[in-house]
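Please keep the sequence and the structure in view while reading.
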Amino acid sequence: MDRRNFLKTGLLGAMVAASPISISAFDTPIRTAGKAGRLNLSFRPYELKLRHAFNLARNQRTTTPGVQVQIEYDGLIGYGEASMPPYLGENVASVTEFLGKLDLGQFSDPFRIEEIHDYMDSIAPNDRAAKASVDIALHDLTGKIMGQPWYKIWGLNPEKTPNTSFTISYDSNPDEMRKKIEETAGFKVVKVKMGLDHDKEIVEALRRVSDVPICVDANQGWNNKEKALEMCHWLSERNCLFVEQPMDKKAIDDTAWLRERSPLPIIADEFLQRLPDVKRAAQCYDGINIKLMKSTGLHEAYQMAVLARALGMKVMLGCMTETSCAVSAASQLAPLADWADLDGNLLIANDIFDGMKIVDGKVTIPDRPGIGVIPV
């Protein structure tokens, strides 16, 4: 069957699976175009409200700015999302400005994802979360055209998804800290945000009620290699799986020194952005944390995971605080990962999609076309 006939057949089969526009965030789109047989883009800001304050090494926040995106093509709709925590350097204004510059109406074939990425890179070199929102929507759209979820298109086994961690951070209010720990019940891995003055205290509080494995994200918060090494040894005695971004991303030599001596794997997060960074990370890290908002979406994230595997590195699949839209998109890659931290939708109080689920602690990919989400 040639490509044109395949698309027609896929469209007929996927019309029922495609959801109509029903998200309130799109009641008044900032920008939309309507060209038959062309890609029509619309987008609107949507602030994510956290269930608990996020206390990190370098900031505290109770909300995350976001932008919801959709791409329509001949009656089918692909959904996408940009989430912009402060350290990414993007915000609602920069994302909407970037999206406002795009003319996706020039493209008549949504399958030309690589060509569209080249076009977006020609508009601006960075704006990774903005590009990710378009990429996610394109994958959702093309998956719906083919009538298949992306994990099947990639030939991945959904039974090989890892357990996801559930993230908690320190809180000086004992009641709030207790609530955070109680919410980890049912998860088989807990991710502890560190890099503050209470790193050991939060682990000890958790260990008083649970022996579930933990992983640690220092968010560049440990300021010298000796302290980092001491913490790695301390954590290794408390059922810790790995340590993520222990020191400043610029401290390459110190990180390499730590990796040689640490009893725990050292995973790159802030150090790592896009595909060219994977080979650099291999020089001083044991593995990488891939996030769609940094990698410009699924297209490059898949390549990063494959390259990391080829280099003998561990693969972690992470997320920001996101709705089920972006988290479900990331879950399509979960069978390629050793570890997953796909809890971003669970950390917000105003999700607007139904998608990926956590069942008995395990990432469970929805068997729906595209990225597997339905607006609610």
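Q: Which side chain does the side chain of Asp 135 join in a polar contact of 2.7 Å?
A: This is a predicted model, in which local features need pLDDT of at least 70 and side-chain atom pairs count only at pLDDT 80 or more, while totals for chains, interfaces and linings use all residues. Residues are numbered from 1 along each chain as its sequence is written, and side-chain values use heavy atoms, with hydrogens and water left out. A polar contact is a pair of N or O atoms within 3.5 Å, where within protein one must be able to donate a hydrogen and the other to accept it, and residues adjacent in sequence count only if both atoms are side-chain atoms. At 2.7 Å, the partner of Asp 135 is His 117.

Q: Is Leu 138 buried or exposed?
A: Leu 138 also lies in helix α4, and its contacts (heavy atoms within 4.5 Å), not counting residues up to four places away in sequence, are Leu 39, Ile 71, Pro 110, Ile 113 and Ile 116. Because its relative accessibility is 0%, Leu 138 counts as buried.

Q: Which strands stand at the edges of the open sheet of three strands?
A: The order of the sheet is β1-β4-β5, with antiparallel pairing, and two strands pair if DSSP finds at least two bridges between them. Two of the strands each have a single partner, so one side of each is left without a neighbour in the sheet; these are β1 (40-45) and β5 (76-83).

Q: Which residue in β4 stands opposite Leu 41?
A: β1 and β4, the latter spanning residues 66-73, pair in the antiparallel sense over six bridges. The residue in β4 that stands opposite Leu 41 is Ile 71.

Q: How far apart in sequence are the parts tied together by Glu 230 and Lys 200?
A: Glu 230 forms a salt bridge with Lys 200, the closest N and O atoms being 3.1 Å apart. Glu 230 is partly exposed, with a relative accessible area of 37%, and Lys 200 is partly exposed as well, with 30%. Because Glu 230 lies in helix α8 (residues 225-236) and Lys 200 in helix α7 (residues 199-207), the pair ties together parts whose separation in sequence is 30 residues.

Q: Are Lys 294 and Asp 269 buried or exposed?
A: Lys 294 forms a salt bridge with Asp 269, with 2.7 Å between the closest N and O atoms. The pair links distant parts of the chain, 25 residues apart, with Lys 294 in helix α11 (residues 292-295) and Asp 269 in the loop between β10 (266-268) and α10 (276-281). Lys 294 and Asp 269 are both buried.

Technical notes
Helices (H or I, at least four residues) and strands (E, at least two) are DSSP runs, numbered from the N terminus. Buried means under 20% relative accessible area, exposed over 50%, partly exposed in between (1.4 Å probe, protein chains only). A salt bridge is a side-chain nitrogen of Lys or Arg within 4 Å of a carboxyl oxygen of Asp or Glu.
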